[in-house]
Amino acid sequence: MFVVYTRFTRYGNLFRQCGPVAIILLCAGLLACSYSGENATVASPGPVELKINQGFVNPLGFYDATPNFSWQLPPHSGAVNQTGYQLVVASKPGLLPEQPDLWDSKRVTSAQSTFVDYEGKPLASRQKVYWQVRFWDQQGRASGWSDMARFELGLLSNQDWQARWIEIDSQQPVTLNNFDTPVHVPQHLRTEFSAEKTVRQARLYVTAKGVFEAFLNGKRVGEDVLTPGYTPYKKRIETLTYDVSELIEQGENAFGIQLAEGWYAGRFGPKRHWYKKLGLTPKVFAQLEIEYTDGSKHVVVTDDNWQATQNGPVRTSGLYDGEAYDANHELTSDTASWHQAGYDTRNWLGVKTSALEPEVLLQPKRHFTVKNKQTLPAISLKQVAGKTVFDLGQNMVGVARIKLPMLKGQTLEMRFGEGVNPDGSLYTKNLGSAGQRDYYTANKDGVVEWQPQFTFHGFRYVEISGFDSNFEPELSWVTGVVQFTDFAMTGTFASSSPQLNQLQSNIEWGLKGNFLDIPTDCPQRSERLGWTGDALAFANTSLFIADSHAFWAAWLKSLREEQFENHGVPVVVPNEVGDIVQAGWSDAAVTIPWDIYWRTGDKNVLAENYPMMTRWIKYHQSQLDKGISNMWTVGDWLQPYSRREDSRRGETDHSLISTAFYARSLDLVARSAKVLGKQQDWEHYEQLFTQARQTFQRHFFDEQGRLQVGEQTQTAYLLAIGFDLLDEATTQKTVPHLLAQFDAAGGHLRTGFLGTPLIAPVLDKLGRADVALDLVFKQTYPSWLYSVSQGATTMWERWDGYTRENGYANKAGSLNHYAYGAVGQWLYERIAGISPLSAGYQTIRIAPLITEHLTSAQASYQSPYGLIHSGWKRNAGELTMEVVVPPNTHALIEIPKYLLGADSTLDNKSLRTLGDNLQVNGIFLSEEVSAKGVKNMSAGLSTTTIEVEPGQYQITLTRKS
Ligand code: RAM
């Protein structure tokens, strides 16, 4: 052990001198010789995947001075469980692990390896913090220390800032576009300063009312896109922190910022609110803090020492309408560019400054920034009426990068659409008023390379015109740059069905397309808003596909800030639509904190949101009349074949929906109170939930389990059963009525945003997973695979947005709307078989359904404890399952006995037995449990369940010959 200590202590200096990469290499080297057998006293590998709060790895400019810590036990190290841990936290790397000056948790007897609260000395803005952790395993053996992790706090309070908001002194008049909305000409702002001494470190703290890119001495700071992102700006604006130590030069320096309108000041949101935006002009706010090697400091802030111009090359840039770049306006002289020292600013204007408003909190960004995440090459191109239309093969969100020949004076026009008409021309009807056009004007002949900075589009096709016609267009001219929030992708799903795999791909692209700083309904038309109902439907699925924990937690902060005085929660957050509150949408205030907790095990998300959640219950209660809710709702939005006057609003009774969501929110608030140890609250909300269920059942269902209020709809039954609102006997009685609804629809769904996510889980819960499977594999309208069969590469707002036969529907809607992707959750949990049995997957359920529709399926998930995998394959006489269970968890594996087929019923299941001979890792399991890692075995009606320790399991089921 001590050998290891000394080796790690030396890392302190190394860390400063060589950085983390060198240390990783060194660690690998040390471990390699440690394990060569020459030194038997060396401790086993330490924890890995060190993170703080919602998944941050060594963050800079971190937002939380009371963080929590998570780690994983190293896989394949022999460590099965954690019985204790020790965390050491220090202000300098050299102090670890032996002299932690900030906190030493000492040995704590606990299995907890996620979200362990910091309990050390108070931390302050700008502070650097280093930490390590080790654990004790199931036999009480200490591991080695982990690699060193670190974080540095950002500027946590408004008091930390000396800067002022700046903007160009006399704005070019803001023009109004066709929609009477403002168009602000983007600004370039700059200052110069001299740095006479040697720089030890430099940090740039920066934000904007609008969107910005910063430059030091001609170099771009960071690689983030559309910063600072989108929050309720009147209350809180997020700030970014960058390490710019390497960008400062000894002597003269230039500091430049480009600024455009973005979400803050541009045309964004529904028309009736645009006028309110007229008074808002983009502004930027920055503080560059330089520390010299002699310890002295130099701070450069946005103030009246800056100059600005609106005569730069970015002539206009708006989120909906696109960007226009004119190279004739490039701000480059013979000697320097605008963001380099010595640039001639004779024609520039001064700036107007304004003080930071005390009511607007500047706080470090709470989740990951948007980045250029992926590129897509064009796969084909076509000439249509003098224009060239490129196909990227995938509906996506971001911008296009061009590299193509132009002649001086030409203006290239680029238009973006999600589809093409039969003649190959661009289809743009579903974009509403969003222009989605970019322009580039060339100032010389030659190849132009360009990508816009302050806009984004939703598109699969790019139409271009206005290039040098001496050249034939080539595929390489246009590349799609996919932009979304920079989280890790954590879940995969694949099966033997190409259609199902395409559905999975569409669900994933729905996430990539609509997780651009906030969760949006759609990314292309003149909307792109944070609709709460869509988020409510998709949150669980998204938490599997990507590490969206921080993303959601950050958005929930905006929800809290937007909650109305009367406790209502708006339907769109940040709120661009006014005082609208509705059941099934605003309930996201309760369901999403719960979903995050359940998927991650992070209780903090419940604690932070608990006041909002209980206030939301109060709002619900204000809408009750004798226990039945009158809360407004748009209903089961976009249910197909609805005969309601406004057909978008679905046929399910609105008071049933609102009352069901009242009960659902009560249930989740009660459970949250329990998790948070609020005993009285728990009892209180439990009791309210019991009452609400009883009232619901009495009012809406008769004694035969038949709906007695409003239209008979699938969604009415799905809400009642899915939210557990009927007693057990009545639930069973509803089954024929619910199935009759599916029969009446010819085995199709008749559900909108609220009912669709519940179909498969509810049928499964009722023991009719066979019906759920048949629905999932249905290929005719309306169904998930219908749009797949029509060529969809993303999820659509309407099942028949486009058909090969009739083209785009009259109201095609968005072709990139994630809500119906909510079925993903069931694919991962039941077709592949991975779900949490306790919060954060500490107990895992592996329970795949084996179906005739498939010969194999598999999923993996990077859980808070490490990789979980479940896969199965079947052939004539054999079923094989492969399962990986990460350390510090345990799993219940439900090995199915039957094959579920197109015409399976409970009665003929026996005809479809999968096999009787059960082997785990090559050992037959009969009555007694004998395979390594298997703790318990129990036989149920349709599954044999084994309880297993962390490890890898191959399970086979064969028929007795
Ligand atoms: C539409 C949005 C969204 C939906 C609301 C009710 O405009 O696209 O998906 O939640 O309406």
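Here are some friendly notes on this predicted model, point by point.

1. **Before you start.** Residues are numbered from 1 along each chain as its sequence is written, and side-chain values use heavy atoms, with hydrogens and water left out. Because the model is predicted, local features need a pLDDT of at least 70 and side-chain atom pairs count only at pLDDT 80 or more, while totals for chains, interfaces and linings use all residues.

2. **The ligand's surroundings.** Which residues surround the ligand? They are Asp-521, Arg-525, Glu-527, Trp-531, Asp-534, Trp-585, Trp-637, Phe-753, Glu-797 and His-817. To be listed here, a residue needs one of its heavy atoms within 4 Å of the molecule.

3. The side chain of Asp-534 has an N or O atom 2.6 Å from a ligand oxygen, and for the side chain of Arg-525 the distance to a ligand oxygen is 2.7 Å. Glu-797 places a polar side-chain atom 3.5 Å from an oxygen atom of the ligand. On its own the ligand has 300 Å² of accessible area, and the protein covers 91% of that; such areas come from the Shrake-Rupley method with a 1.4 Å probe, and for residues only the protein chains shown count as cover.

4. Helices (H or I, at least four residues) and strands (E, at least two) are DSSP runs, numbered from the N terminus. H12 has 17 residues, 728-744, and at 1.5 Å a residue it should span 24 Å; its end C-alpha atoms are 25 Å apart, which agrees. The expected span is 1.5 Å times one less than the number of residues. There is a kink of about 30° at Val-735, shortly before the proline Pro-736. The bend at a residue is the angle between axes fitted to the seven residues ending there and the seven starting there. After H12 comes Gly-746, with a positive phi near 60°.

5. **Helix H12, buried side.** Buried means under 20% relative accessible area, exposed means over 50%, and partly exposed is in between (1.4 Å probe, protein chains only). The buried residues of H12 are Thr-730, Thr-731, Thr-734, Val-735, His-737, Leu-738, Leu-739, Gln-741 and Phe-742. An α-helix has 3.6 residues a turn, so residues three or four places apart point the same way. Against which helices do the buried residues of H12 pack? Their partners are H10 (679-700), H11 (714-722), H13 (759-765) and H14 (769-776).

6. **Helix H14.** Seven of the eight residues of H14 are buried, so the helix is largely enclosed by the rest of the structure. Those seven are Ala-769, Asp-770, Val-771, Ala-772, Leu-773, Leu-775 and Val-776. They pack against H4 (498-514), H12, H13, H15 (784-789) and H16.

7. Just after H16, Gly-833 has a positive phi of about 110°. Ser-835 belongs to strand S44 (residues 834-836). Is Ser-835 buried or exposed? With a relative accessible area of 6%, Ser-835 is buried. Leaving aside neighbours within four places in sequence, Ser-835 is in contact (heavy atoms within 4.5 Å) with Glu-829, Tyr-841, Thr-843, Ile-844 and Arg-845.

8. **Gly-144.** This glycine, Gly-144, sits in the loop between strand S8 (128-137) and strand S9 (149-153). Gly-144 counts as buried because its relative accessibility is 5%. Gly-144 and Gly-46 are 98 residues apart in sequence, yet their C-alpha atoms are 4.5 Å apart in space.

9. **Backbone details to look up.** Two peptide bonds to note are cis: Leu-96 to Pro-97, with omega about 0°, and Thr-227 to Pro-228, with omega about 10°. Glu-49 is not a glycine, but its phi is positive, about 55°; Glu-49 lies in strand S1 (residues 48-52). Asp-724, in the loop between H11 and H12, is also not a glycine and has a positive phi of about 65°.

Definitions and conventions:
A polar contact is a pair of N or O atoms within 3.5 Å; within protein, one must be able to donate a hydrogen and the other to accept it, and residues adjacent in sequence count only if both atoms are side-chain atoms.
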